[in-house]
Amino acid sequence: MSEPAIQTENLTRKFGDFTAVDNITFEVEKGEIFGFLGANGAGKTTAMRMLTGLLTPTSGKALVSGKDVYRQAEAIKKKIGYMSQKFSLYDDLTSEENIRFYGGIYGIPDKELYRKIDEVINSLGLKDVRKKLVRSLPLGWKQKLAFSIAILHNPNIVFLDEPTGGVDPVTRRQFWEKIYEVSDRGITVFVTTHYMDEAEYCDRISIMVDGRMDAIGSPRELKENFESDSIEDVFIKLARGAERGEG
Ligand SMILES: Nc1ncnc2c1ncn2[C@@H]1O[C@H](COP(=O)(O)OP(=O)(O)OP(=O)(O)O)[C@@H](O)[C@H]1O
């Protein structure tokens, strides 16, 4: 069997005396759509920042695309894409210019980049607005553009931190169609979400409570194990015992 896309063992991050991520151990297989759930403050973003090489763990192990998060953070960054909650499109550049800018950062050669710009613009249906400033685009389009940019360099894994926050269900569904397309290309998708319907679209999900990973499995397995008829119900059963809240 090929090595997992992500492999952690007792991964932990403390801030002073506070343990934000508490000994999490899990694997994500290549090509999986892995949902990362948890209430506000459960530790999802902190875990994701460790896996993307942006934050050094306090203890434990993690290999991402076969690379060690302590020693090979720069190599990890080359093999992954990351769409953060406050995704970093430039409002005062057009969609085309944003793609060109990030393509340059990724070191994609000019000729290939021009082809990719057309490919992304066409697949997102942005043809009519490619010369418009990103500022003027609806949030759902900006999210899809940010996602397309996160996978421009064909990463092995793409990390999406609440990629569909604040848009309507139809727009969210369209975003998920993009996720499936990317997954079909063999890219592993690691996604956090607060939307329980989206959790059902994942191959497997994990649920974090107070920094711990209290459940992991396919949506079906979790519903069976927790004798629930929805992931929302599983989530509520687990979150009920949580000490951290919205604050
Ligand atoms: N740099 C930091 N210094 C101190 N505490 C931090 C830091 N970053 C995160 N925390 C704390 O760690 C806990 C986990 O935060 P994190 O952002 O990882 O949660 P989350 O599950 O991503 O939440 P949300 O869904 O709101 O984004 C929170 O209590 C937060 O206040």
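Start by selecting helix 3 (residues 95-106) and helix 4 (residues 110-123) in this predicted model. Their axes come within 10 Å and cross at roughly 135 degrees. Helix 3 is therefore oblique to helix 4. The crossing of the pair is right-handed. To see the contact from the helix 3 side, show Ser-95, Glu-96, Ile-99, Arg-100 and Gly-103.

Next, select helix 5 (residues 139-150) together with helix 6 (residues 169-184). Here too the axes come within 10 Å, and the crossing angle is roughly 15 degrees. An angle under 35 degrees counts as roughly parallel, so helix 5 and helix 6 are roughly parallel to each other. Their crossing is right-handed. Helix 5 makes the contact through Gly-140, Gln-143, Lys-144 and Phe-147, and helix 6 through Thr-171, Phe-175 and Lys-178. By class, the residues of the contact between helix 5 and helix 6 are 2 nonpolar, 3 polar and 2 charged.

Helix 5 lies across strand 6 and strand 7, and runs at about 160 degrees to strand 6. Helix 6 lies across strand 3 (33-38), strand 7 and strand 8 (188-192). Relative to strand 8, helix 6 runs at about 150 degrees.

Now hide the helices and turn to the sheet. In what order do its 6 strands come? The order is 6-7-8-3-9-10, in an open sheet with mixed pairing. The edge strands are strand 6 (80-83) and strand 10 (212-217), each of which pairs on one side only. From one strand to the next, the twist averages 15 degrees.

Go to the edge formed by strand 6. Strand 6 pairs with strand 7 (residues 157-161) in the parallel sense, over 4 bridges. Pick Ile-80 and look across to strand 7: the residue opposite is Ile-157.

Then move to the edge formed by strand 10. Strand 9 (residues 204-209) pairs with strand 10 in the antiparallel sense, over 5 bridges. Val-209 stands opposite Arg-212 of strand 10. The hairpin of strand 9 and strand 10 has 2 residues between the strands.

The last stop is the ligand. Which residues are around it? Select Phe-15, Phe-18, Ala-20, Gly-38, Asn-40, Gly-41, Ala-42, Gly-43, Lys-44, Thr-45, Thr-46 and Arg-244. Colour this shell by class to find 4 nonpolar, 6 polar and 2 charged residues. Strand 2 (18-28) and helix 1 (44-51) each supply at least two residues of the shell. Helix 1 gives the most, with 3 residues.

Methods:
Residues are numbered from 1 along each chain as its sequence is written. This is a predicted model: local features need pLDDT of at least 70, side-chain atom pairs count only at pLDDT 80 or more; totals for chains, interfaces and linings use all residues. Axes are lines fitted to C-alpha atoms, for helices over the stretch in contact, and angles run from 0 to 180 degrees between N-to-C directions. Angles under 35 degrees count as roughly parallel, over 145 as roughly antiparallel, 65 to 115 as roughly perpendicular and the rest as oblique. A crossing is left-handed if the near helix is turned anticlockwise from the far one by less than a right angle, and right-handed if clockwise. Two residues are in contact if their C-beta atoms, placed from the backbone, lie within 7 Å. Ala, Val, Leu, Ile, Met, Phe, Trp, Tyr, Cys and Pro count as nonpolar, Asp, Glu, Lys and Arg as charged, and the others, Gly among them, as polar. Two strands pair if DSSP finds at least two bridges between them. A residue is near a molecule or strand if its C-beta atom, placed from the backbone, lies within 6 Å of it.
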